[in-house]
Amino acid sequence: MKGNVVTLTSNNRETILKIAKEQNIKIKSFCKRGICGRCLVKVIDGNVSRPTEKEIKKIGQSGIKEGYRLACQTQFSGRLKLEV
Ligand code: FES
């Protein structure tokens, strides 16, 4: 994460990582399976899926409460503002 704030939009429910790639927004990733933690982003505004077990394990409940999520695991539809 570099602290860049971006806005994504999607009509379909997909992962943040997938939509970001489609919209030419670079988010670092490696495993794409919720293990490496490289795709960490911070959700600022928008409706996202509930945290997966992998996200809770990697980020912790307090990090999740602050908005941190794994872009390869978190899904959304509509409009999403996040720090990448
Ligand atoms: S790319 Fe490894 S946790 Fe998302």
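The questions and answers below concern the predicted model shown above.

Me: How are the residues numbered, and which pLDDT do local features need?
Reply: Residues are numbered from 1 along each chain as its sequence is written. In this predicted model, totals for chains, interfaces and linings use all residues, side-chain atom pairs count only at pLDDT 80 or more, and local features need pLDDT of at least 70.

Me: Which pattern does the chain follow along the sequence?
Reply: Helices (H or I, at least four residues) and strands (E, at least two) are DSSP runs, numbered from the N terminus. The chain has three helices and four strands. Read along the sequence, their pattern is β-α-β-α-α-β-β.

Me: What percentage of the 84 residues is buried?
Reply: A residue is buried if 20 or more other C-beta atoms lie within 10 Å of its own, exposed if 12 or fewer, and partly exposed in between, with C-beta atoms placed from the backbone. By that rule the buried part of the 84 residues is 30%.

Me: Which strand pairs with β4 over eight bridges?
Reply: Two strands pair if DSSP finds at least two bridges between them. Strand β2 (residues 40-45) pairs antiparallel with β4 (residues 75-83) over three bridges, where Val43 has Leu82 as its partner and Asp45 has Lys81. Leu82 in β4 also stands opposite Val6. The strand joined to β4 by eight bridges, also antiparallel, is β1 (residues 5-15).

Me: Which residue in β3 is the bridge partner of Lys42?
Reply: Strands β2 and β3 (residues 68-70) run antiparallel and are joined by three bridges. Within β3, the partner of Lys42 is Tyr68.

Me: Which residues is Ala20 in contact with, leaving aside neighbours within four places in sequence?
Reply: Two residues are in contact if their C-beta atoms, placed from the backbone, lie within 7 Å. With those neighbours left aside, the contacts of Ala20 are Leu8, Ile25, Ile27 and Ala71.

Me: Is Asn24 buried or exposed?
Reply: Asn24 lies in the loop between α1 and β2. Its phi is positive, about 60 degrees, although it is not a glycine. Most residues other than glycine have a negative phi. Because Asn24 has 6 other C-beta atoms within 10 Å, it is exposed.

Me: How many other C-beta atoms lie within 10 Å of Lys32?
Reply: Lys32 is in the loop between α1 and β2. Its phi is also positive, near 60 degrees. Lys32 is partly exposed, and the count of other C-beta atoms within 10 Å is 16.
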